Amino acid sequence: MTTTSTDVAYQAPISPDTTTTYGVDQVLTSCPESNTLLDICYDWDRVPVPSSLKEFEKRWSNRHTPIDYSGVWRFRELFPFAPEEKIVTIGEGQTKLQQANVAAKFAGINAGNLYLQYEGLNPSGSFKDNGMTAASTHANMVGAKVTACASTGNTSASLAIYASVTGLFRCVVFIGSGKIAYGKLSQALDYGAATIQIEGDFDDALLRVREVCEQENIYLCNSVNPFRLEGQKSIMYRVLESLQWEIPDWIVVPGGNLGNSSAFGKAFMELKQLGLIDRIPRLAVINAQGANTLYQLYEEGGLRWNDGRPDVVKSDTFYTDMDEQNRRASTLASAIEINRPVNLMKCLRALDVCDGVVREVNDEQILDAKATVGAGGLGCEPASGASLAGAKLLREEGVIAPSDRVVCILTGHQLKDPTATVGYHTFNAKDKENALVKRGITQAQFTNRPTPVPNDLEEILKVVRGL
């Protein structure tokens, strides 16, 4: 297990104090020697990386070649761990960067300067497909027959669709009790996944699925799997592509298990190392107030990457106190309702690389931002609203300037959680059955309520003429 790899691609611990590396033919979720997270690393001198990012545009015309059609694999020289014949793709990554002036006005940013990267256009409706195509590819490389994940919803939907479309492996998903939006659960069920609902939340489900995968030799597809994050780097490649390879000032992303922020930091770190970009944008990671582990550790506790030697006593003490007090994540943004983000240390590195900041926003701020995104024509899941709400907060604080070019990541489609959307637009603080009222929301500023009217033409016309 602990032989040094001499391949173009290899696995290495993120700790600078461990030099052992591992081949990409091994299935690992942490370094056996240091028990730290693993990176996928490359001997870049042996990789035919283009001299300019613009060279990737040549593949736009190869629409009948699946790996060129994929918005992930058309950038494969930037994560060259897989033989082309082993790549598993279902057309992921056909997403868009939309200039959004309604959202810009809401956030206090100049018109034309705020963009929404809409990952809801992926096959399963969320950003997870960017990483799952890479994890599925690695599973195919090692001959896995069964895959598994713990999920708040999006991961299970993504893994299930890759399993069902390709037929390469069976899929088992672990979910917590009452901790998954129906729009997401319906996907896993419809795509044929074996779904196991355990008592507890996402953190409990992740703990159990890791134990099961280790004991039963099942391939784990959560973002602790380093190949997942390699695919998620492509989100940033497409952002740059849409901006004609110009670097924005800010990337703002919701923070849950911190896979996206970790992948984005690695993407920019590598692009700068390869001389393909001349500067790195700043990164803002936005927690939900009810699931704010990163915010508490980073902004309040001062935890930093520290050249790969973070003060783990701080995080260990935080988690010990969390367990003793039985603090549990609680937010309507179910996709980021996570207490123990497994990619915490990689995210600290990303924040260091990108001169990043962390903020928290409450559920009302998230849902107001979500409604604003919807009013601009791109419906998103609640967690996505955290990015715009965070941009607004940072603008109010003066951290983001009105003239800054800002990209907010929309992680998932509106139909992932229709209950939250309908609950917001029909909000009535006195309606105890309203989904938002049940979760403690006290107001909704941007509702678009249905108008009740008798089944009478004249009455209907009165309403229509008054619009």
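This is a predicted model: local features need pLDDT of at least 70, side-chain atom pairs count only at pLDDT 80 or more; totals for chains, interfaces and linings use all residues.
Biologist: Which residues lie nearest the centre of the largest cavity?

Modeller: That cavity has a volume of about 280 Å³, and the search of the whole structure finds 3 cavities of 30 Å³ or more. Nearest the centre of the largest cavity are Phe127, Lys128, Gly256, Asn257 and Ala335.

Biologist: Which element supplies the largest share of the lining of the largest cavity?

Modeller: Elements that each give at least two residues to this lining are α4 (154-166), α7 (226-232), β10 (250-254) and α9 (259-273). With 3 residues, the largest share comes from α9.

Biologist: Now for the open space. What is the volume of the largest pocket?

Modeller: Its lining counts 44 residues, and Thr29, Ser30, Asn35, Arg210 and Val224 lie nearest its centre. By class, the lining of this pocket has 23 nonpolar, 12 polar and 9 charged residues. The volume of the largest pocket is about 1,400 Å³.

Biologist: Which helix gives the most to the lining of the largest pocket?

Modeller: At least two lining residues come from each of α6 (202-216), β9 (219-220), α7, α11 (312-325) and α12 (344-353). Helix α7 also supplies at least two residues to the lining of the largest cavity. The top contributor to the pocket, with 8 residues, is α6.

Biologist: Stepping back to the whole chain, why can it be called as compact as a globular protein of its length?

Modeller: The chain holds 17 helices and 13 strands. For 467 residues the globule rule gives 23 Å, and the chain comes close to that, so it is as compact as a globular protein of that length, with a radius of gyration of 22 Å.

Biologist: What percentage of the residues of the chain count as buried?

Modeller: The C-alpha trace spans about 80 × 50 × 45 Å along its principal axes. Among contacts between residues at least 6 apart in sequence, 69% join residues at least 24 apart. As for burial, of the 467 residues the share that counts as buried is 58%.

Biologist: Is Ile196 buried or partly exposed?

Modeller: Ile196 sits in strand β8, residues 194-198. Setting aside neighbours within four places in sequence, Ile196 contacts Val172, Val173, Phe174 and Ile175. Buried would need under 20% relative accessible area and exposed over 50%; Ile196 has 36% relative accessibility, so it counts as partly exposed.

Biologist: And how many Å separate the C-alpha atoms of Ile196 and Pro248?

Modeller: Along the chain, these two residues are 52 residues apart.

Biologist: How far apart in space are Ala401 and Gly423, C-alpha to C-alpha?

Modeller: Ala401 lies in the loop between α14 (382-397) and β13 (406-410), and at 27% relative accessibility it counts as partly exposed. In sequence, Ala401 and Gly423 are 22 residues apart. In space, their C-alpha atoms are apart by 33 Å.

Definitions and conventions:
Residues are numbered from 1 along each chain as its sequence is written. Side-chain values use heavy atoms; hydrogens and water are left out. On a 1 Å grid over the protein atoms alone, a cavity is a set of points where a 1.4 Å probe fits but cannot get out, and a pocket is an open set with protein on both sides within 12 Å along at least five of seven lines; lining residues have an atom within 4 Å of a point. Grid points are joined across faces, edges and corners, and a volume is the space filled by probe spheres set on the points. Helices (H or I, at least four residues) and strands (E, at least two) are DSSP runs, numbered from the N terminus. The radius of gyration is taken over C-alpha atoms; the globule rule is 2.2 Å times the number of residues to the power 0.38. Buried means under 20% relative accessible area, exposed over 50%, partly exposed in between (1.4 Å probe, protein chains only). Contact means heavy atoms within 4.5 Å. Ala, Val, Leu, Ile, Met, Phe, Trp, Tyr, Cys and Pro count as nonpolar, Asp, Glu, Lys and Arg as charged, and the others, Gly among them, as polar.
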